[in-house]
Amino acid sequence: MRGWIERGGLALACAMIMLAALVAAGGESRAAGRVALVIGNSNYQSAGLLRNPANDARAVGAALARLDFDVMLATDLGKSAFQTTLADFAEKSEGADLALIYYAGHAMELKGSNFLIPTDAKLSSDSRVAFETIDLDDVLSAVAYVKGLKIVLLDACRNNPFLEGMRLKGGNRAVSRGLAVPKEPDNGLLISYAAAAGTVASDGDGDHSPYAAALLKNMETPGLELAMMLRRVRADVKEATENRQTPFEYGSLPDREVYLVPPAAGQPAPKAEGAEVSALSTAYPRAAAPQDACRDAGTHWAAIRDKNSKAFYEEHLSLFGACAFASLARAEMARLAEESLAGAETACDRLAAGPDDPQRIASVAGLDLAAVDPAAAVPACKEATERFPGEARLFFQYGRSLAAGKDHPGALWQYRKAADLGSVAAMFAIGLQYDGGEGVGADPAEALAWYRKAAGLGHAMAMNNIGYFYDEGRGVAVDKAEAAVWYRRAADFGNALAMLNLGFLHAQGQGVARDDAAAMEWYRRSASLGNARAMNNIGYFYDEGRGVPVDKAAAADWYRRAADLGDPLAMVNLGRQYELGAGVAQDDAEALVWYRKGADLGNAMAMNNIGFFYDEGKGVPADKDQAMAWYVKSADLGNALAMFNVGTQYEFGDGVAQNDAQAFQWYVKASEAGHAGAMNKVGFFYDVGRGTTTDKDQAMAWYRRSAEGGESAGMFNVGVQYEYGDGVPQDYAEAMVWYRKAADLGHATAMNNIGFFYDEGRGVAADKAEAMTWYRKAADLGEALAMYNIGVQYEQGDGVAKDGGEAMRWYARSADGGNTSALRSIAVLYHNGDGVTQDYAEAARYVEQALRRGDEPTHQEMRDGQPWSPEFRRALQQRLRGAGQYQGAIDGRFGASTYAAMDGVFGADLR
């Protein structure tokens with residue numbers, strides 16, 4: 001095998017920012033100066049397509065138009081167009097009574113500042129953020145000269161899709177998945193996040209995000225005061241997300257009632273409800289309290305108890321501190337203080353936060369599970385969950401700390417609590433536990449159900465895992481097309497592993513059309529995010545010329561990149577490049593270095609290759625014992641090739657005592673692991689009764705299995721069985737079919753046999769010229785028997801002109817290739833002076849070589865003594881005397897002493 005390939009985001013969706021300058025009731029409602037800028041960015045060049053921003057923008061723009069706004073609508077703005085649009089709107093909004101900016105798209109936080117992301121941003125490193133994005137402060141500048149109140153509504157699925165591929169300079173970890181708390185807004189500006197700073201807002205499953213849907217539901221309601229509208233939006237969002245998302249406001253509203261749509265004539269205007277940070281209502285002035293100080297306490301408490309506002313509760317205590325509801329107000333203030341602390345950094349966050357948890361607070365980077373110290377993290381997280389029982393992230397982190405300590409049942413229990421509180425990371429973690437059977441019985445169907453829950457909330461790795469389940473048929477029927485769909489979804493969220501898997505499907509043509517160029521593109525995207533296996537696969541494509549021209553140097557470079565990142569498969573492939581001298585200087589010692597690195601990481605193929613190097617003495621002195629030890633290590637890890645090699649060691653007694661029974665068992669193991677060459681060996685052992693009983697039917701069955709596995713030797717042996725009628729009726733035509741199949745895969749002996757069939761007219765019409773063609777094909781591949789047959793053709797003039805010299809040349813090549821019959825034929829040519837000068841001594845020398853190499857036909861022919869001349873026989877007796885085997889007369893007469901001498905040298909070179 002030349003090389004090997006395998007398969008194997010942080011989604012910041014729809015950030016929506018609304019800045020609105022609204023007018024107060026009391027003479028200013030629906031003033032003429034209403035302007036709005038509406039932007040929806042969906043089609044990101046480097047982060048995939050967002051579903052909802054364009055829908056949200058169009059719907060909000062239409063609603064604003066119905067509210068008499070002069071609306072500017074723009075979609076899919078790059079950096080330059082974004083800046084121009086803001087500048088145009090700054091001019092348009094100057095002096096307006098009411099202005100509004102709405103943005104839907106990607107956004108991010110860096111070092112405490114918030115940025116909107118244009119569609120052409122690449123953000124390959126954090127140093128490019130300032131140059132490729134729009135600072136939120138610049139957006140606010142576009143309404144700097146608005147006369148009225150300014151309100152900012154920001155809705156963000158805040159996971160940053162650019163973060164995986166972003167290089168963080170100097171170890172900087174200031175890029176977070178949440179948006180930062182804004183700077184203290186200027187007077188007359190309210191900023192409302194769809195979810196509290198550092199937490200996640202959902203993109204939703206419908207046509208709009210939960211926050212956008214709530215705005216659209218409430219913003220056109222007549223007589224609905226602005227503060228009450230925001231309160232209703234908050235309630236609708238919490239209900240839609242099952243309390244996983246709570247909008248939060250910063251800044252202030254005026255102390256008068258504000259409407260988007262004023263009350264109809266005669267409709268009583270609801271009392272202004274304010275906002276958490278507003279100047280308080282003056283309905284209960286501090287001066288001149290009534291004689292009954294508690295008379296209005298119940299009414300006031302009824303009006304504010306659901307406000308969830310520290311300011312209102314403080315007001316209640318200042319007015320009615322000695323009355324019946326004061327204790328409730330104090331309890332609510334204590335609760336708010338505790339909830340505020342819950343969002344602050346804890347020891348549990350520092351010790352056990354997950355780097356990919358979208359609810360991880362922005363002040364910590366998170367730790368890989370292997371880096372979590374359970375001794376410190378478990379008690380810290382236990383304390384944190386007891387103190388803040390409503391914080392999903394803390395229960396998830398508690399679960400991680402238990403998992404780090406191998407308490408998987410305990411981890412599962414805490415993950416379930418976190419999932420119940422809306423933690424998508426916990427849902428994914430539960431899926432992993434059911435997937436791997438950690439802390440619970442393995443249950444692919446249950447794992448899939450949890451992956452689906454997490455995927456539904458935008459978890460990219462969960463989407464990838466769903467794709468893998470369809471890919472492998474885990475918990476569902478195998479469906480490569482559905483696997484591709486899920487991989488694509490995860491890839492669109494920036495998941496590097498999904499990109500790798502999607503590339504693999506394109507490379508194999510599974511579930512999608514085979515497309516090497518598309519596979520290479522996905523591998524490149526995954527590699528750009530740091531995926532080492534994708535880099536290895538790019539190397540393989542350059543190695544094999546798939547989707548790109550063959551470039552061995554580029555292949556070696558990509559293998560090295562992947563290997564430097566710790567990919568053991570790439571280490572094997574880079575070692576192979578050094579072994580072959582492909583794209584690098586040939587260097588067995590360097591190849592062995594890389595194989596050892598791969599082996600140190602548990603790669604079975606690397607172990608097998610180390611065994612092969614010891615077997616052959618490549619880069620190290622030959623050591624059959626070491627070879628056997630490495631083959632066994634690799635085989636114990638399930639490597640079929642290593643199992644085959646262990647079988648070979650037993651078959652030939654290399655590094656172990658020769659043992660056909662052990663060889664047979666290892667070949668069976670390798671066969672069960674899918675090694676087609678081993679299946680052919682099993683067939684051969686049944687064929688000749690080595691290590692097992694002779695069984696021609698079993699032999700044929702194993703040869704067929706080998707052939708079906710693509711093994712040319714198996715195809716050849718099926719042909720042999722048909723040629724000789726072993727295990728099947730003799731059938732030359734069928735033998736020819738199988739020889740051709742083997743020949744198509746480059747099997748040289750099969751080519752020779754096809755030539756022989758044409759030579760003899762077996763299964764085909766005799767055709768000497770065609771026979772010669774096939775003999776030459778086989779000879780070109782180094783087949784010594786074919787070279788011998790070409791020599792015969794020239795010697796006899798079959799299919800070619802008779803030519804003793806050419807026959808001599810082909811016999812010599814065949815003999816050099818190990819064919820002992822060719823030695824006898826060379827002797828005949830020297831004996832007869834055919835193509836060479838007649839030379840009985842040379843003839844005798846070649847006969848002696850044939851005898852020494854154990855050629856039985858030559859041995860038998862010498863005992864018969866015919867048709868060799870007396871001169872030759874005397875020359876042979878002379879050579880036998882020179883070999884110390886013959887002491888009799890040199891008389892050309894072969895008797896007992898001559899025969900004994902021949903027996904003495906026969907097979908001598910094989911002993």
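Q: Which residues does Y811 touch, not counting residues up to four places away in sequence?
A: Contact means heavy atoms within 4.5 Å. In this predicted model, Y811 touches Y788, G791, V792, E795, A822, S825, I826 and L829, with residues up to four places away in sequence left out. Numbering starts from 1 along each chain as its sequence is written, and side-chain values use heavy atoms, without hydrogens and water. Local features need pLDDT of at least 70 and side-chain atom pairs pLDDT 80 or more, whereas totals for chains, interfaces and linings use all residues.

Q: Which residues touch the most other members of the largest nonpolar core?
A: A nonpolar core is a set of buried Ala, Val, Leu, Ile, Met, Phe, Trp, Tyr and Cys residues joined through side-chain atoms within 4.5 Å; buried means under 20% relative accessible area with a 1.4 Å probe, protein chains only. Here the largest core has 125 residues, and Y523, Y542, Y739, Y811, V847, F872 and L876 touch the most other members. Another core, of 49 residues, lies apart from it and includes V424, I430, M463 and A498.

Q: How many of the protein's residues count as buried, as a percentage?
A: Of its 911 residues, 52% are buried.

Q: At what angle do the axes of α17 and α18 cross?
A: Helices are DSSP runs of H or I, at least four residues, numbered from the N terminus. Axes are lines fitted to C-alpha atoms over the stretch in contact, with angles from 0 to 180 degrees between N-to-C directions. The axes of α17 (residues 480–492) and α18 (residues 496–508) cross at roughly 145° and come within 8 Å. Among the residues making the contact are Y487 of α17 and L502 of α18.

Conventions
Helices (H or I, at least four residues) and strands (E, at least two) are DSSP runs, numbered from the N terminus. Buried means under 20% relative accessible area, exposed over 50%, partly exposed in between (1.4 Å probe, protein chains only).
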